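Here is a short briefing on one protein model. Keep the sequence and the 3D view open while you read.

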Amino acid sequence: PALTAALKDDSSWVRLGAAQSLWRLQPGNKGVIIAALIPLLKDPEVRIGAAALLESIDPAAAAKAGAR
């Protein structure tokens, strides 16, 4: 529950860290994680990390979202 809540934190770094941790601990939450990563692609501070994680989780979703 804490990691899921952290996906909505004000800090993009916290949201990215939560997504990374959730992917490692609960890969069944793939849809929730992808939904949290897509907005991070617009944040210049975490864009590269978000794109890399999204690409590793779902390459098709990454391509559709424009992650490069």
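Residues 24 or more positions apart account for 34% of the contacts in the protein with a separation of 6 or more. Contact means heavy atoms within 4.5 Å. This is a predicted model: local features need pLDDT of at least 70, side-chain atom pairs count only at pLDDT 80 or more, and totals for chains, interfaces and linings use all residues. Residues are numbered from 1 along each chain as its sequence is written, and side-chain values use heavy atoms, with hydrogens and water left out.

**Overall build**

- The protein has five helices and zero strands. Helices (H or I, at least four residues) and strands (E, at least two) are DSSP runs, numbered from the N terminus.
- In sequence order the pattern reads α-α-α-α-α.
- The radius of gyration is 11 Å, which agrees with the value near 11 Å for a compact globule of 68 residues. That radius is taken over C-alpha atoms, and the globule rule is 2.2 Å times the number of residues to the power 0.38.
- The C-alpha trace spans about 30 × 25 × 15 Å along its principal axes.

**Surface and burial**

- Of the 68 residues, 37% are buried. Buried means under 20% relative accessible area, exposed over 50%, and partly exposed in between (1.4 Å probe, protein chains only).
- Lys 64 sits in helix H5. Lys 64 is exposed because its relative accessible area is 78%. Its C-alpha atom is 25 Å from that of Ser 11, a residue 53 positions away along the chain.

**The salt bridge**

- How many salt bridges does a search of the whole structure find? The search finds one. A salt bridge is a side-chain nitrogen of Lys or Arg within 4 Å of a carboxyl oxygen of Asp or Glu.
- Side chains of opposite charge can pair when their charged atoms come close.
- Lys 30 and Asp 58 form a salt bridge, with 3.9 Å between the closest N and O atoms. Lys 30 lies in helix H3 (residues 30-40) and Asp 58 in the loop between helix H4 (47-57) and helix H5 (59-65), so the pair ties together parts that are 28 residues apart in sequence.

**Helix H2: Arg 15 and Ser 12**

- Arg 15 lies in helix H2. Arg 15 is buried yet has no salt bridge. The nearest side chain of opposite charge is Asp 43, 4.6 Å away. For charge, Lys and Arg count as positive and Asp and Glu as negative; His and the chain ends are not counted.
- Leaving aside neighbours within four places in sequence, Arg 15 contacts Ala 6, Leu 7, Lys 8, Asp 9, Asp 10 and Leu 40.
- Ser 12 is also placed in helix H2. Ser 12 counts as buried because its relative accessibility is 7%.
- The side chains of Ser 12 and Asp 43 make a polar contact at 2.9 Å. A polar contact is a pair of N or O atoms within 3.5 Å; within protein, one must be able to donate a hydrogen and the other to accept it, and residues adjacent in sequence count only if both atoms are side-chain atoms.
- Not counting residues up to four places away in sequence, Ser 12 touches Leu 40, Asp 43 and Val 46.

- Leu 22 is in helix H2 (residues 12-25). Is Leu 22 buried or exposed? Leu 22 counts as buried, at 1% relative accessibility.
- Beyond its neighbours within four places in sequence, Leu 22 contacts Leu 3, Thr 4, Leu 7, Pro 27, Asn 29 and Ile 33.
- Leu 22 and Thr 4 are 18 residues apart along the chain, with 7.7 Å between their C-alpha atoms.
- Gly 17 lies in helix H2 and is partly exposed at 25% relative accessible area. From Gly 17 to Gly 49 the distance is 9.5 Å, C-alpha to C-alpha, across 32 residues of sequence.
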